[in-house]
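Please look over the sequence and the structure shown below before reading on. The briefing that follows moves through a few topics in turn.

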Amino acid sequence: MTPPSLEVSGLAFAYPDGHQALFGVDLTVGRGERVALLGPNGAGKTTLVLHLNGILGGGVGSVRVAGLPVDRKHLAEIRRRVGIVFQDPDDQLFMPTVREDVAFGPAAAGLRGAELRARVAEALSRVGMEAFADRPPHHLSFGQRRRVAVATVLAMEPEILVLDEPSSNLDPASRRELADILRSLDVTVLMVTHDLPYALELCPRAVVLSDGVITADGTTQELLCDEELMRAHRLELPFGFDPRSVVVPGR
Amino acid sequence: MGAGHSHQLYVRGHSPVHRLPPHCKITAVLCFVLVVVATPREALWAFGAYAALLAAVAATARVRPGFLLRRLLIEVPFVAFAVLMPFVAEGEQVRVLGLSLSESGLWGAWNILAKGTLGVAASVLLAATTELRDLLLGLQRLRLPPLLVQIASFMIRYGDVITDEMRRMRVARESRGFTARGVRHWGVLAKTAGALFIRSYERGERVHLAMLSRGYTGTMPVIDDVRATRAQWTYAAALPLAALAVCLTGRTLT
């Protein structure tokens, strides 16, 4: 039996200034699942994400990625397995050209030459950006940059893709294009978002993180229809959106 | 390279000069400049020969003379001092067009002007035939400390991002009715600069986080390995070697 992509158990963490962000988080994400991580601002979502690849650590509890514990010894392998797409693609794309940026992760892992080129070409084609390989990132549109950011982590062939607010600042067309891409990928996805319709569209399952603990876990449609739960955690649907009336597309 | 935009100094082309590996070109330009500087200033004809050599390189690279001359204007503020020298230097005086000028000053001015112009022209040719990105790869290849290369490449990547941020802050300022007039407004501008610094600093932290997340461990991975063949080195060496011949002749004649 293959271990789950992500196994978080009893994770608690306080920042050095004493502010406690996580109070015992338990979360298991099976291989190939797409899960939305919902929660109000300040619930600890980002803190949790930064634990997944060992940027933050040293608190109580444990994180395992495909069975491998996140600790100092396995850091390089963990960072290859967990692909985080940050919210601002200008932070994520730091190399002078798209091609070099996508190559950064695999090259850091030791890939060279033809193998590296093939990996870059494959990742770019999965997000439909092959034609832009030699462009500098700042000459791309925001939606294109977000797609390249996804390619930069796909190139590392991650076990789990973690997306921080993937739909923010995208126009509706780019938002739909990104959804099509994410749906076409055969990879485990954890998506941190405030965009509830987007979560419903892409993720069959959702969890709510509030005040540093997971307070709800179920199918996305059920959670969004639970008005009391939604109100209790400052989650609000956009005006006129009724999650009951939506037929959720299958995988 | 693909359909990307490039720096305004760069002239797109496929000439033999464009195709040379960047580290060969950098080395050639550096050696050329050293040779020019080592030439005695009295060997007037030698400088003419250097200029002819550069003209030949420009012709091979298909860089238009007009472009080259326009880019040379960058030198003007730096040679202002050279123009002053004949008037302020001591020593024997000669009369030119009714002005009394110092002879050693004239030689000094000529020296700075000729060598400076040749150096700038060679650099402009290098920039016109090499993409910024390739220049950095070349420097990396020439064992410039990796940290310096990384800083320079981040400067290229984030220059536009920060300029854009600055523009947005200016628009926000002006949208609230602020226009900078006189000393009294310098405080506001200084605060803007401070805010921009903090924003850039925070961006730096976020970028570092993104780099760590993708396996950065302190050194940049090798993505493009630039290599040069013996033939390419020989080709690049043509310029400095020809210049060296001119220089040595000049030294024996004067």
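What distance separates the centres of domain 1 of chain B and domain 2 of chain B, taken over C-alpha atoms? In this predicted model, the two centres are 36 Å apart.

**Domains of chain B**
- The domain assignment of chain B gives domain 1 as residues 16-139 together with 227-253, while domain 2 is given as residues 145-213.

**Confidence**
- For the model as a whole, the scores are ipTM 0.84 and pTM 0.80.
- Chain B has an average pLDDT of 87, and 97% of its residues score at least 70.
- Among the elements of chain B, helix 2 (residues 22-37) has the highest mean pLDDT, at 95, whereas strand 1 (residues 93-96) of chain B has the lowest, at 76.
- Residues 1-5 of chain B have a pLDDT below 50, and this stretch has 10 contacts in the model beyond near neighbours in sequence.
- Where pLDDT is low, the predicted coordinates should not be read in detail.

**Contact between chain A and chain B**
- Chain A gives 30 residues to the contact, and chain B gives 25 residues.
- On the side of chain B that touches chain A, the elements that give two or more residues are helix 8 (146-175) and helix 9 (186-213) of chain B.
- Of these, helix 9 of chain B gives the most, with eight residues.
- Sorted by class, this side of chain B has 13 nonpolar residues, along with six polar and six charged ones.

**The sheet in chain A**
- Chain A has an open sheet of four strands in the order 2-1-4-5, and the pairing is antiparallel.
- The edge strands of chain A are strand 2 (20-29) and strand 5 (68-69), each of which pairs on one side only.
- Strand 1 (residues 6-14) of chain A is joined to strand 2 of chain A by seven bridges, and A:Leu11 stands opposite A:Val25 in strand 2 of chain A.
- Strand 1 of chain A is also joined to strand 4 (residues 60-65) of chain A, here by five bridges, and A:Leu6 has A:Val65 in strand 4 of chain A as its bridge partner.
- Strand 4 of chain A pairs in turn with strand 5 of chain A over two bridges, where A:Val65 stands opposite A:Leu68.
- These two strands of chain A, strand 4 and strand 5, form a hairpin with two residues between them, and A:Ala66 in the turn has a positive phi of about 50°.

Technical notes
Residues numbered from 1 in each chain as written. Chains lettered and ligands numbered in written order. Predicted model: local features only at pLDDT ≥ 70, side-chain atom pairs only at ≥ 80, totals over all residues. Contact = placed C-beta atoms within 7 Å. Nonpolar A, V, L, I, M, F, W, Y, C, P; charged D, E, K, R; others polar. Domains from an automatic or database assignment. pLDDT = per-residue confidence, 0-100. Pairing = 2+ DSSP bridges.
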